[in-house]
Amino acid sequence: MFSHLSASLVDGLLIGFVYGIAAMGLSLIWGVMRVVNLAHGATMALGMFFIYYLFSGAGMNPYLALPLAALLAMAFGFIVYVVALHRVIQAGYLYTLLATFAVNMIIIGIGTTVFTTSPRNVDFSLGSVTLGGEILQGTRLVAAAASVTITGALYLFLYFTRTGKAIRAVSNNRAAAELMGISSARVLALSFGIGTMLAAVAGSLTATFFPFTILSGSTYQLKSFVICVLGGLGNPLGALLGGLILGALEGIVPVFMPVSWVPVVEFGLFVAVLVIRPSGLMGAK
Amino acid sequence: MKKIFSFMIALGLTLGLAGHADAAQKSILIGFTASQTGKLNVEATRQINGLNLWVEQVNKAGGIKMPDGSHVLVKTKYYDDESNKDRVQELYTRLISIDKADFLISPYSSGLADAAALIAQQYKRIMITTGASSDSIFKKGYTLVYMTYTPASRYLTGALNVLLKLDPAAKKIAIIHENDKFSTDVVSALKGYAEEKAMQVAMYEGYDAGTTDFAPFINKIPKGVDAVMGGGHFADTTTFARQLYEKQVATKMVALLVAPPEPKFAELGEACISVIGPSQWEPVAKYSPEAAKAENVEWYGPTVAEFLKLYADKYGKEEPSYHSAGGYAAGMILEKAIEASGSLETSAVQAAIDKEDMYTFYGRIKFNTTPNLHGLQDGHEMIYIQWQKGKDGKPEKVAVWPASAASAAPMLRMSR
């Protein structure tokens, strides 16, 4: 029983890091822009396909393709912000919600036509390593390491660079930040770009160990919402913590009961957090 | 006037002779629907390719040879069912009532074949089902419906026989399967069979369609299981096989549904080596007249090599799948029965099909004739393929079971 438990917990935590990265993008966009990005899952799926085609078409190592995916996703985020969000950002939650939903539908529609809904698989394996008696898949280990690195880089960027501080300033008080000479439009575009980049990177990492279709993003988007609520909406570090909690639950619950109970426990916890601590574990009270 | 009269006489004679010739050359009309559009298009097209090849071959030989020396030509009539169950019943009714089809072939897939079988029985027409493996069609008391495929309930039982042959001491298996009707039917029969063989089913758990992370299931596999069996459809089974390899699950056999026979499965590389999968038929199958003779069963129709050549000549590079082989075999079932009975009457042909027991390039064909399971395929066995390392070190698909079809010996997973 203990060996099952430890193996499952480790597997769950490794996946949890990637969930955390995905949720971090959603959380950042909400925290800075007050926008619920319903195109988040679709962007993750685009990241998956990007890696797939570079790997299977051009033979590029998926991890070398990752920075390219990140850059393109950021540019894509800027474009989406300018085209779909900039004009409605002041109009209230419902308008931005509908705008991102429309972007989601456009991506899914075009993606279904171009890629179809046939499952794809990045046939890339790093084998396994044995650590402390546990057999760990190489791709999951690298994904977890990449997630930790990205989280660290994001933290340094937000807290120790001028642009990062500007993002936090806009997040705290947009009007005051503008009075201090910060262009909120640029900051909002950059935040949406970073959020989109995180989604695409999470998608790219996920594609190295799970198969996917253009519709796969919706599952991870739903998980991201749960994670954001667990960790505290608007708090990127809370998102990582939430990701780890969700991953651990997905690992541990099946040891004690059938796997079909996992969503019941996850959403039970989701409701419990909403009732007991609506701001999340690391959110402001 | 005289000229006109002469012309009329000549015309009458010509028509009369033509009519006489037509009467001498008997023919039968075989009706079916083909999913030319919709989600089943690919498999259905392969099936119809196989059937059309059979029709072409029979007619090329002058028709079905009757005991009195005469020949019966085969004609076909078909409609596109759009992969839609609702269209099937309407179209089969039309085939029988308006087109006057003498015999029927089923559409592809268990769902569509089930809908068509009801009409065939209702209108008293013999239907050979192909592309349909559900047992349930044959538990409805039909007397005129006959199955070409091995039933779903026997998809994985042969894999257990392979395990017991390689390791008679094997005692424990784990079953992890997709929670859909087909996979559940297959593994529930497998579980029963394993228990019959006094084996312990140490794990029996289902996963939802679309599952991508199998780690929670793999971590639960008890230590010391001799085989991991189950799976579901292509995408999930491929991922499952890959994760079993990456987690280095120590077991003697991995036998999974649907995905292993697909050539794309080889893209898993090292992870596909030793994985076993059931298939209705494979081009590497080694069924032969000699193997049939050894079992004292009659051989009928072309050999595997002849079928492959005929198929390649007609369809070019497209390799025949088991759907194509099933289409051809369905035609042969009718052909053999008409030859044997010397009649085109439904009751006479039905009696002849009931008695059929033959080996073909597709394998053995024999039907259950008990009232409860009439028409169920009893003779045909699944072919079990296994991915082994070829001479160039790359994965190579070989047939390992049954012995009459095997192109290589099966191997245990731990010896790879």
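The paragraphs below lead through a predicted model of two chains, A and B, beginning with chain A and ending where the two chains touch. Residues are numbered from 1 along each chain as its sequence is written, while chains are lettered from A and ligands numbered from 1 in the order in which they are written. Because the model is predicted, local features need a pLDDT of at least 70 and side-chain atom pairs count only at pLDDT 80 or more, whereas totals for chains, interfaces and linings use all residues.

Chain A contains 11 helices and 2 strands, where helices (H or I, at least four residues) and strands (E, at least two) are DSSP runs numbered from the N terminus. Read from the N terminus, its elements follow the order α-α-α-α-β-β-α-α-α-α-α-α-α. The radius of gyration of chain A, 19 Å, is close to the 19 Å that the globule rule gives for 285 residues, so chain A is as compact as a globular protein of that length; this radius is taken over C-alpha atoms, and the rule is 2.2 Å times the number of residues to the power 0.38. The C-alpha trace of chain A spans about 60 × 50 × 35 Å along its principal axes. Of its 285 residues, 49% count as buried, a word used when 20 or more other C-beta atoms lie within 10 Å of a residue's own, with 12 or fewer making it exposed, anything in between partly exposed, and the C-beta atoms placed from the backbone.

In chain B, 6 strands form an open sheet of mixed pairing, in the order β2-β3-β1-β4-β5-β6, and two strands are said to pair if DSSP finds at least two bridges between them. Strands β2 (64-65) and β6 (145-147) of chain B stand at the edges with a single partner strand each, so one side of each has no neighbour in the sheet. Within this sheet, β1 (residues 26-34) and β3 (residues 71-80) of chain B run parallel and pair over 9 bridges, and Gly31(B) has Lys77(B) in β3(B) as its bridge partner.

Another part of chain B is built around strand β15 (residues 383-389), in which 5 of the 7 residues are buried, so the strand is largely enclosed by the rest of the structure. This β15(B) pairs in the antiparallel sense with β11 (residues 276-279) of chain B over 4 bridges, where Pro278(B) has Tyr384(B) as its bridge partner. It also pairs in the antiparallel sense with β16 (residues 395-401) of chain B, over 6 bridges, and here Trp387(B) stands opposite Lys397(B). Together β15(B) and β16(B) form a hairpin with 5 residues between them, and Gly393(B) in the turn has a positive phi of about 85°.

How confident is the predictor in chain B, and what is its mean pLDDT? The mean pLDDT of chain B is 89, and 93% of its residues reach 70 or more, pLDDT being the predictor's confidence in each residue, from 0 to 100. For the model, the scores are ipTM 0.77 and pTM 0.74.

Finally, 21 residues of chain A are in contact with 20 residues of chain B, contact meaning that the C-beta atoms of two residues, placed from the backbone, lie within 7 Å. On the side of chain A that touches chain B, α1 (2-33), β2 (134-137) and α10 (236-256) of chain A each supply at least two residues, and α1(A) gives the largest share, 5 residues.
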